[in-house]
Amino acid sequence: MQIVNVDIQYLSPPPAIKYCKKCGKKTEYVCSGLFRVNAQRKYLDIWLIYKCSNCDSTWNMTIYSRINPKSIASEILEGFHSNNGELVEKYAMDTELIQKNGAEVGLPKYKIRGPAIDFSMPIELHIKSPYPSRLKVSALLREILNLSQKAFEQRITNESIRSASGLDLKKCRIQTEVVLIIEN
Ligand SMILES: [Zn+2]
């Protein structure tokens with residue numbers, strides 16, 4: 001069996017989807033790359049700022065609420081003050097944090113990176129993602145294998161494409177790694 005690795009590269013952090021009061025509907029909020037740090041007496045509040053992609057309204061996603069500054073390493077605290085890019089990415093990519101803040105995690109823009117695949121042999125395909133996202137495995141597979149919706153469904157039914165761990169390939173979303181068996 002030929003093992004093929006394909007990497008999903010995200011071109012942006014996922015948008016947070018939430019209700020925008022100004023727009024009067026759910027919209028995509030995009031990470032601004034900026035933190036807001038607010039000192040209140042002995043405590044700090046730290047947020048990551050998002051903007052409605054439609055009207056620019058801001059939304060502060062809570063990272064820390066009323067935390068003792070001494071409990072954060074000074075270089076990390078400095079990172080919050082200086083909007084350190086790696087620190088922004090760490091929190092912007094934290095899909096659990098976005099959900100904990102009451103927003104849904106939107107679809108990030110992405111690219112599929114991998115070798116040309118020889119489909120004449122059975123393949124064990126590993127799709128790797130830096131973090132779980134809402135991207136559907138079916139959409140990725142159709143793009144990688146260049147299959148129509150109908151052809152894809154036929155191949156799921158006849159099990160010439162199947163998940164090595166028993167995932168429902170019509171529904172499941174990408175995890176950090178999904179392993180598929182692909183036969184002719
Ligand atoms: Zn808006």
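1. In this predicted model, helix 2 (residues 85-92) lies across strand 3, strand 4 and strand 5. The direction of helix 2 is at about 130° to strand 3.

2. The sheet itself is open and consists of five strands in the order 5-4-3-2-6, with antiparallel pairing. Its edges are strand 5 (58-67) and strand 6 (104-105), each of which pairs on one side only. Helix 1 (residues 74-81) also packs on this sheet, where it touches strand 3 (25-40), strand 4 and strand 5. Between the directions of helix 1 and strand 3 the angle is about 125°.

3. Strand 4 (residues 43-52) and strand 5 run antiparallel and are joined by seven bridges. Within strand 5, asparagine 60 is the residue that stands opposite isoleucine 49.

4. As regards the domain division, domain 1 is made up of two segments, 2-12 and 108-182, whereas domain 2 covers 16-105. The distance between the C-alpha centres of the two domains is 32 Å.

5. The structure contains zero disulfides. Cysteine 31 is accordingly in no disulfide, and the nearest cysteine sulfur, which belongs to cysteine 52, is 14 Å away.

6. Are cysteine 20 and cysteine 31 buried or exposed? Cysteine 20 counts as buried because its relative accessibility is 1%, and the cut-off for burial is under 20%. Cysteine 31, at 17% relative accessibility, therefore also counts as buried.

Notes: Residues are numbered from 1 along each chain as its sequence is written. This is a predicted model: local features need pLDDT of at least 70, side-chain atom pairs count only at pLDDT 80 or more; totals for chains, interfaces and linings use all residues. Side-chain values use heavy atoms; hydrogens and water are left out. Domain bounds come from an automatic or database domain assignment. A disulfide is a pair of cysteine sulfur atoms within 2.5 Å. Buried means under 20% relative accessible area, exposed over 50%, partly exposed in between (1.4 Å probe, protein chains only). Two strands pair if DSSP finds at least two bridges between them. Helices (H or I, at least four residues) and strands (E, at least two) are DSSP runs, numbered from the N terminus. Contact means heavy atoms within 4.5 Å. Axes are lines fitted to C-alpha atoms, for helices over the stretch in contact, and angles run from 0 to 180 degrees between N-to-C directions.
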